[in-house]
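Me: Hi! I'm new to this one, could you walk me through it?
Reply: Happy to, let's bring it up.

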Amino acid sequence: MTTLTTDPLASLLDRLFAEAAVSSPMTHPAVAALSPDERARLMRSRTDYRDLYGRLKDFPLAVSRETGRLLYMLARGRGVRTVVEFGTSFGISTLHLAAALRDNGGGRLITSEFEPSKVARARDNLAAGGLIDLVEIRVGDALQTLSVDLPETIDLVLLDGAKALYPDILNLLESRLRPGAFIVADNADDSPDYLARVRGPANGYLSTPFGEDVELSMRIG
Ligand SMILES: C[S@@+](CC[C@H](N)C(=O)[O-])C[C@H]1O[C@@H](n2cnc3c(N)ncnc32)[C@H](O)[C@@H]1O
């Protein structure tokens, strides 16, 4: 038995994924009003990401069920104790990662989110899942909140915030990555600079595309 597959978490995730499935941002006027080009530009922008995510603040934008399960398995299989997450939203990915920490005997998960209403929902979900004690949610732009007070070593990273910032967030965390640490980057195709970095043979990573639009990388340096 695992925390992931037993209640309260199993039922909670069923409900959250069901809600996410019927909540497409594309139907929201503030998003639908954007042309495909403008949407693509905002997705890759290093400066306008607050505008984009402000429009998306009522949407979970969660990892898929498959990616959630992958996160749990990677964290569990490696006996991970320290996790940093960029992009909390409603906490669906966070729940998977915290469940793995629980089943590994404990640990520390730092996650980051700048939309206060999302932070409130994530806290509620983590409390309902019985996992809030393992999670520190840092409220504000991750460029600032993840620049201080990090664990000495980091075992696993999830990158799932503004795509253009993936290289910057990696810069903040890289010196603390344990050799063998996994970095999971969701929707990494929208971050070509990040992909070039983790796939570049001289940059200290092994990396491969995995599943639907996930880049799975391992620190070897
Ligand atoms: C794709 S969603 C995260 C989904 C979440 N990982 C899950 O699976 O449940 C991205 C989130 O990152 C947040 N975000 C984007 N850029 C950020 C930044 N620079 N700092 C903090 N939060 C950010 C957005 O507000 C949004 O809620």
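Me: Which residues does Asp168 touch, leaving out those up to four places away in sequence?
Reply: Asp168 touches Arg46 and Leu143, where contact means heavy atoms within 4.5 Å. This is a predicted model, with residues numbered from 1 along each chain as its sequence is written, and local features need pLDDT of at least 70. Side-chain atom pairs count only at pLDDT 80 or more, while totals for chains, interfaces and linings use all residues, and side-chain values use heavy atoms, with hydrogens and water left out.

Me: And what does the side chain of Asp168 do with the side chain of Arg46?
Reply: The two side chains make a polar contact at 2.9 Å. That term is a pair of N or O atoms within 3.5 Å; within protein, one must be able to donate a hydrogen and the other to accept it, and residues adjacent in sequence count only if both atoms are side-chain atoms.

Me: Where does Asp168 lie?
Reply: In helix α9, residues 166-173. Helices (H or I, at least four residues) and strands (E, at least two) are DSSP runs, numbered from the N terminus.

Me: New topic, the ligand. Which residues come nearest?
Reply: Of the 25 residues around the ligand, those are Val63, Gly87, Ser93, Glu113 and Asp160; being near takes a heavy atom within 4 Å.

Me: How far is a polar side-chain atom of Asp160 from a nitrogen atom of the ligand?
Reply: 2.7 Å. For Asp141, a polar side-chain atom lies 3.1 Å from a ligand nitrogen, and Ala142 has a backbone N or O atom 2.9 Å from one.

Me: Which elements each supply at least two residues of the shell?
Reply: Those are α4 (49-55), β1 (82-86), α6 (92-103) and β2 (108-113).

Me: Where does Asp149 lie?
Reply: In the loop between α8 (142-145) and β4 (154-159).
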